[in-house]
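We'll go from the whole chain down to a few single residues.

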Amino acid sequence: MGKKDTEKEIEEKYGVKTPEQVKDLLALMGDKADNFPGCPGVGEKTAAKLINEFGSVEELINRSSEVKGTLREKLEVAVDDIKMSKFLATIRTDV
């Protein structure tokens, strides 16, 4: 199984384009099993849509003014939780 196969499986299962974006997805939608808070009111579909549009959590935060309505408010209030959730979802490989 090559990189293309893995990326296709990730996109089919999670709705994002690359394996690296899975941690961004978890940062937004949270993960109850691992106790990541994420952004309240953002589920898997909305999180995938936002990551596909903006590419990463960092870019979404930087460009949050482009998000409309109450979703923008939720994102802006939850910035610290989103950043912490991404940190918690990131598997450290440099130890």
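A helix here is a DSSP run of H or I with at least four residues, and helices are numbered from the N terminus. Keep that in mind as you colour by secondary structure: from the N terminus on, the protein chain runs α-α-α-α-α-α. That comes to six helices and zero strands. One thing to know before going on: this is a predicted model.

**Stop 1: the whole chain.** Along its principal axes, the C-alpha trace spans about 40 × 30 × 20 Å. Does the overall size agree or disagree with a compact globule? For 95 residues, such a globule would have a radius of gyration near 12 Å, and the protein chain has 13 Å, so the two agree. Of the 95 residues, 34% count as buried.

Stop 2: Colour the charged side chains next.

**Stop 3: the core.** Hide the surface and select Val-16, Leu-28, Leu-50, Leu-60, Leu-75 and Ile-82. In the largest nonpolar core, which has 22 residues, these touch the most other members. Helix 2 (22-29), helix 3 (44-54), helix 4 (57-62) and helix 6 (79-89) each supply at least two residues of this core. In soluble globular proteins, nonpolar side chains tend to be buried together.

Stay with Val-16 for a moment. What does Val-16 contact, leaving aside its neighbours within four places in sequence? Show Ile-10, Glu-11, Gln-21, Val-22, Leu-25, Ala-48, Ile-51 and Asn-52, and you have the list.

**Stop 4: a loop residue.** Go to the loop between helix 2 and helix 3 and pick out Asn-35. Its phi is positive, about 60°, although Asn-35 is not a glycine. Most residues other than glycine have a negative phi. Is Asn-35 buried or exposed? Its relative accessible area is 63%, and since over 50% counts as exposed, Asn-35 is exposed.

Stop 5: Finally, select Lys-74 in helix 5 (residues 69-77). Lys-74 is partly exposed, with a relative accessible area of 36%. Beyond its neighbours within four places in sequence, Lys-74 is in contact with Cys-39, Pro-40 and Gly-41. Then draw a distance from Lys-74 to Val-42: they are 32 residues apart along the chain, yet their C-alpha atoms are separated by 8.5 Å.

Key:
Residues are numbered from 1 along each chain as its sequence is written. This is a predicted model: local features need pLDDT of at least 70, side-chain atom pairs count only at pLDDT 80 or more; totals for chains, interfaces and linings use all residues. Side-chain values use heavy atoms; hydrogens and water are left out. The radius of gyration is taken over C-alpha atoms; the globule rule is 2.2 Å times the number of residues to the power 0.38. Buried means under 20% relative accessible area, exposed over 50%, partly exposed in between (1.4 Å probe, protein chains only). A nonpolar core is a set of buried Ala, Val, Leu, Ile, Met, Phe, Trp, Tyr and Cys residues joined through side-chain atoms within 4.5 Å. Contact means heavy atoms within 4.5 Å.
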